[in-house]
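Subject: Structure handed over, with notes

Dear colleague,

I am passing on the structure below, and I would be grateful if you could read the notes alongside it.

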Amino acid sequence: MPRVSQLFFKTATVFFLIGIILGLQMGISGDHAAFPAHAHLNLLGWVTSAIFGIYYALNPARAEGRLPMIQFAIFTIGVIIMIPALYFLNLGNTAMEPLVGIGSFIVLAGVALFAAVVFSNKA
């Protein structure tokens, strides 16, 4: 399996674990104010990272070179910035709003790089 696939799967697993812990914390406390952060963590962190990993595993030629690793780094950094900021924003810390936006645009850049990999002429 290509290295980038392994990295995406490992990162997805960590995000999934954190998402489960966050969900349990909300359920136990009865405070669901952070549910948007929980949903984004699970969708972007767990599901999307796993899908990227699957794509690269099924298309190892596309996993070669620097672009897939750059895409992994940018997307993952975006999620790491966006989700905690969204969590604290949902809890009422409005100072986190700019970080949510910055993280979101970094995630967008990671997805755009994935699109570049998918639509490239590479075999």
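This is a predicted model: local features need pLDDT of at least 70, side-chain atom pairs count only at pLDDT 80 or more; totals for chains, interfaces and linings use all residues.

Residues are numbered from 1 along each chain as its sequence is written, and side-chain values use heavy atoms, with hydrogens and water left out.

Overall fold

The protein chain has 4 helices and 0 strands, where helices (H or I, at least four residues) and strands (E, at least two) are DSSP runs numbered from the N terminus. Read along the sequence, this gives the pattern α-α-α-α. Taken along the principal axes, the C-alpha atoms fill a box of roughly 50 × 25 × 15 Å. Of the 123 residues, 34% count as buried; here buried means under 20% relative accessible area, exposed means over 50%, and partly exposed lies in between (1.4 Å probe, protein chains only).

The largest pocket

The largest pocket holds about 160 Å³ of space. A pocket, on a 1 Å grid over the protein atoms alone, is an open set of points where a 1.4 Å probe fits, with protein on both sides within 12 Å along at least five of seven lines, and its lining residues have an atom within 4 Å of a point. The volume is the space filled by probe spheres set on the points, which are joined across faces, edges and corners. Helices H1, H2 (35-58) and H3 (67-90) each supply at least two residues of the lining, and the largest share, 5 residues, comes from H3. Among the lining residues are Phe 15, Leu 41, Ile 83 and Tyr 87. By class, the lining divides into 10 nonpolar, no polar and no charged residues, with Ala, Val, Leu, Ile, Met, Phe, Trp, Tyr, Cys and Pro counted as nonpolar, Asp, Glu, Lys and Arg as charged, and the others, Gly among them, as polar.

A nonpolar surface patch

Phe 16, Ile 20, Leu 24 and Ile 28 make a nonpolar surface patch of about 410 Å². Such patches are made of residues with over 30% relative accessible area and no salt bridge, with like charges joined within 9 Å and nonpolar side chains (Val, Leu, Ile, Met, Phe, Trp, Tyr) within 5 Å. A salt bridge is a side-chain nitrogen of Lys or Arg within 4 Å of a carboxyl oxygen of Asp or Glu. Phe 16 itself is found in helix H1 (residues 3-29) and is partly exposed, with a relative accessible area of 34%.

Single residues

Arg 62, found in the loop between H2 and H3, is buried, with a relative accessible area of 13%; Arg 62 and Pro 2 are 60 residues apart in sequence and 9.6 Å apart in space, C-alpha to C-alpha. Phe 105 in helix H4 (residues 97-119) is exposed at 61%, and 24 Å separates the C-alpha atoms of Phe 105 and Arg 62. Phe 75, in helix H3, is buried with a relative accessible area of 0%.

With best wishes

Definitions and conventions:
Accessible areas come from the Shrake-Rupley method with a 1.4 Å probe; for residues, only the protein chains shown count as cover.
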